Amino acid sequence: MDTLSLDTFDIRAYLREDLLPHFMCPGCGHGIALRALLWAVHERGIPKDRLAVVCGIGCSGRVGAYIDANTYHTTHGRPLAFATGLALARPDLEVVVITGDGDCLAIGGNHLIHACRRNLNMTCLMLNNEIYGMTGGQVSPTTGGGRLTSTTPYGNAEPTFDACALAIAAGAGFVGRGMTLQLPALKTLIGEGLAHPGFSFIEAISDCTEIFGRKNDLGSAPEIILRQKSGMRPDTYGNIVDRPFQAKAMRIGVLGRNDRPEYGAAYRAAVAARIAP
Amino acid sequence: MHMSTRQNLQGNHACALAAIAAGCRFYGGYPITPSSEIAERMSLELPRVGGVFIQMEDEIASMGAVIGASMGGVKAMTATSGPGFSLKQENLGYAAMTEIPCVIVNVMRGGPSTGLPTRPAQGDIMQTRWGTHGDHPIIVLTPSSVREIYAQTIRAFNLSEVLRTPVILLYDETIGHLVETVDLPDPATIERADRKWATGPREGFRPYADPGDGIPAMARPGDGYRSHTTGLTHAEHGFPTQNPADVDRVMHRLLGKFDQHRDLIDSFEALHTDDAEVLVVAIGIAARAAGRAVRQARAAGMRAGLFRPVTLWPFPEDSFREHAARASTVLVVEMNAGQLSLEIERLCAQPGKVARLTRFTGEPIGPAEILATIQERARHGHA
């Protein structure tokens with residue numbers, strides 16, 4: 001088990017314990033994603049003083065406050081914009097953005113595609129729970145077809161966004177998808193994102209049991225997560241599938257990787273080439 | 001050795017050069033007329049001093065990036081005009097709430113909406129004060145010459161650092177595109193202020209506790225404080241609170257944090273106000289025209305004066321009241337439908353004392369029209 005560093009990883013060393021218990025609902029997957037992130041931070045040996053976590057608004061936006069690091073709870077949809085300024089001003093910091101499906105793909109969608117295009121070094125962890133949980137369960141860009149939400153009482157007729165396909169198309173340096181059911185795999189994926197010198201986009205399939213699950217009669221958190229699992233097709237971490245792939249399965253694992261220049265370095269190189277020493 | 005240099009400079013270029021001189025090392029912007037020369041000049045100058053320029057994907061992102069850079073400890077600025085300034089409001093409020101220093105330049109064009117993009121106006125006077133939602137402190141400086149843009153840009157950075165607040169530099173398109181001869185000061189003589197950085201014990205650090213002067217020291221990421229910054233109403237420890245007593249205490253500190261520092265903040269120019277019967281109040285290019293009209297009126301034997309707020313918000317109201325006390329008429333000259341007038345009317349309780357000369361056609365108000373209005377009011381005052 002030492003390859004999983006379970007012997008040295010104690011999540012409490014990375015949490016603001018005086019803020020616990022956290023405010024997330026029973027069954028919410030965000031806490032598991034948080035554990036995966038902090039485990040990856042631990043494995044990468046990133047000092048807490050050098051870790052800057054930038055969040056947006058929503059349930060995902062509240063996750064950052066529990067981390068014992070430099071944490072920023074910014075405005076709705078804009079954490080990537082704030083993080084861009086922070087990462088350019090302070091390349092010595094390890095900048096991590098925690099965002100949600102509404103924060104990142106709806107109100108913040110423009111910032112996502114340009115962050116991918118620019119390829120500035122940071123890691124963006126999007127917690128996808130298919131819903132605006134904090135505001136009471138409204139439809140989001142990743143809500144499945146036909147789903148009931150507080151603003152789709154007749155079922156959701158909008159197609160869903162594939163955030164990873166979007167990130168790949170926009171040029172992100174590293175793109176992957178994991179799920180909270182598979183904590184070690186999600187941890188490894190985030191670790192690879194942290195290690196990648198460029199913009200890393202990682203989608204964590206989370207769940208909203210209390211609001212989305214209840215509204216759609218999906219049962220308990222374990223039932224929801226197992227149903228998610230059956231809809232996944234592994235590309236890299238093939239340790240989960242116990243039933244045949246489904247036709248419309250989502251791919252998980254490392255989905256995209258390229259060697260495009262990291263933006264901060266490219267900017268400095270362009271300047272250096274034109275300014276005589 | 002005196003190292004000042006004389007240059008023919010456009011207002012917007014003066015703003016960029018002053019920002020560099022003030023220590024600005026990050027600019028996040030988005031193209032918009034009539035402010036784009038500031039971004040263009042910053043994109044050229046910043047790399048020469050080790051700074052970073054970035055053109056963001058939109059106005060909202062540029063405001064976010066500026067705040068993000070300043071959170072990292074780097075002095076940061078953006079510039080825009082009406083439509084872009086509207087888009088920046090939410091993040092501007094975030095900077096006010098979290099007390100992140102930054103400078104926002106608004107080069108005013110005609111509005112509302114897309115309005116008159118290449119024409120001067122002064123229609124954002126109230127928006128700079130109340131543009132973002134909720135009660136909040138803000139400082140707005142309004143230069144009226146190229147030389148003053150240079151000086152007030154430096155001052156904007158210094159005030160934003162010392163008082164941990166966004167500062168808005170507000171001037172109209174005419175001032176922004178005006179080219180004037182300016183003696184740029186020797187960089188060695190420029191006073192630069194830096195924010196207070198937290199230096200005390202890490203354990204039990206309270207990032208929003210009042211140290212006595214109303215301005216908490218800021219925790220620089222990497223210095224070991226590992227504090228939390230949020231736009232949610234937060235208590236002294238930096239984390240959200242809904243406790244009414246906590247909210248009352250922290251909001252009183254936030255909204256009153258300039259009170260102890262008005263001597264630093266207030267600034268104005270007074271011309272012939274001592275015995276002025278007709279006192280003109282104006283900013284920007286309207287104040288330039290008003291100054292000429294007042295001198296002409298004096299030459300013609302009329303007791304006219306000019307009160308020009310350089311700090312527009314918080315309005316230098318004590319000084320204004322003193323200078324306006326002996327006037328029978330206060331004439332507000334502004335390029336909008338009447339915004340500064342509202343503040344002046346609030347400060348002049350006497351009915352009928354305040355007169356307005358306003359225009360929103362995209363043309364500046366000239367000295368002759370102001371002089372004619374002064375003459376009319378002076379006669380009215382004698383009658």
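Predicted model: local features only at pLDDT ≥ 70, side-chain atom pairs only at ≥ 80, totals over all residues.
Which strands of chain B does helix α13 lie across, and at about what angle does α13(B) run to β15(B)?

Figure 1. Chain A contains 9 helices and 8 strands. Taken along the principal axes, its C-alpha atoms fill a box of roughly 65 × 40 × 35 Å. A compact globule of 277 residues would have a radius of gyration near 19 Å, and the 18 Å of chain A agrees with that. Of the 277 residues in chain A, 52% are buried. Among contacts in chain A with a separation of 6 or more, 66% are between residues 24 or more positions apart.

**Figure 2. Helices α2 and α4 of chain A.** Helix α2(A) covers residues 79-89 and helix α4(A) covers residues 109-118. Their axes come within 8 Å and cross at roughly 40 degrees. On the α2(A) side the contact is made by Leu80(A), Ala81(A) and Thr84(A). On the α4(A) side it is made by His111(A), Leu112(A) and Ala115(A). By class, the residues of this contact are 4 nonpolar and 2 polar, with no charged residue.

**Figure 3. The contact between chain A and chain B.** Chain A contributes 32 residues to the contact, and chain B contributes 34 residues. On the side of chain A that touches chain B, at least two residues come from each of β2 (70-73), α2, α4 and α9 (263-274). The largest share of that side, 8 residues, is supplied by α2(A). The side of chain A that touches chain B comprises 15 nonpolar, 10 polar and 7 charged residues.

**Figure 4. Strand pairing between the chains.** Strand β2(A) pairs with strand β10 (residues 228-230) of chain B. The pairing is parallel and extends over 3 bridges. Within β10(B), His228(B) is the bridge partner of Thr71(A).

**Figure 5. Chain B as a whole.** Chain B has 14 helices and 16 strands. The C-alpha trace spans about 70 × 50 × 45 Å along its principal axes. For 383 residues, a compact globule would have a radius of gyration near 21 Å; the value for chain B is 21 Å, which agrees. Buried residues account for 54% of the 383 residues in chain B. Of the contacts in chain B between residues at least 6 apart in sequence, 75% join residues at least 24 apart.

**Figure 6. The two assigned domains of chain B.** The domain assignment of chain B gives residues 5-189 as domain 1 and residues 268-382 as domain 2. The C-alpha centres of these two domains lie 27 Å apart. Contact between them involves 23 residues of domain 1 and 20 residues of domain 2. On the side of domain 1 that touches domain 2, the elements giving two or more residues are β6 (116-120), α6 (125-130), β7 (139-141), β8 (166-172) and α8 (173-177) of chain B. With 4 residues, α6(B) gives the most to that side. The residues of the side of domain 1 that touches domain 2 are 12 nonpolar, 8 polar and 3 charged.

**Figure 7. A five-stranded sheet in chain B.** The sheet is open, its 5 strands are ordered β11-β13-β12-β15-β16, and the pairing is mixed. Strands β11 (268-271) and β16 (354-358) stand at the edges; each has a single partner strand, so one side of each is left without a neighbour in the sheet. From one strand to the next the twist averages 20 degrees. Strand β11(B) runs antiparallel to strand β13 (residues 304-309) of chain B, and 4 bridges join the two. Leu306(B), in β13(B), is the bridge partner of Leu271(B).

**Figure 8. Helices lying across strands in chain B.** Helix α13(B), residues 340-347, lies across β12, β15 and β16 of chain B. Its direction is at about 160 degrees to β15(B). Helix α11(B), residues 284-299, lies across β11, β12 (278-281), β13 and β15 (329-334) of chain B. Helix α11(B) runs at about 160 degrees to β13(B).

Terms used: Residues numbered from 1 in each chain as written. Chains lettered and ligands numbered in written order. Axes fitted to C-alpha atoms, helices over the stretch in contact; angles between N-to-C directions. Contact = placed C-beta atoms within 7 Å. Nonpolar A, V, L, I, M, F, W, Y, C, P; charged D, E, K, R; others polar. Pairing = 2+ DSSP bridges. Domains from an automatic or database assignment. Rg over C-alpha atoms; globule rule 2.2 N^0.38 Å. Buried ≥ 20, exposed ≤ 12 C-beta atoms within 10 Å, placed from the backbone.
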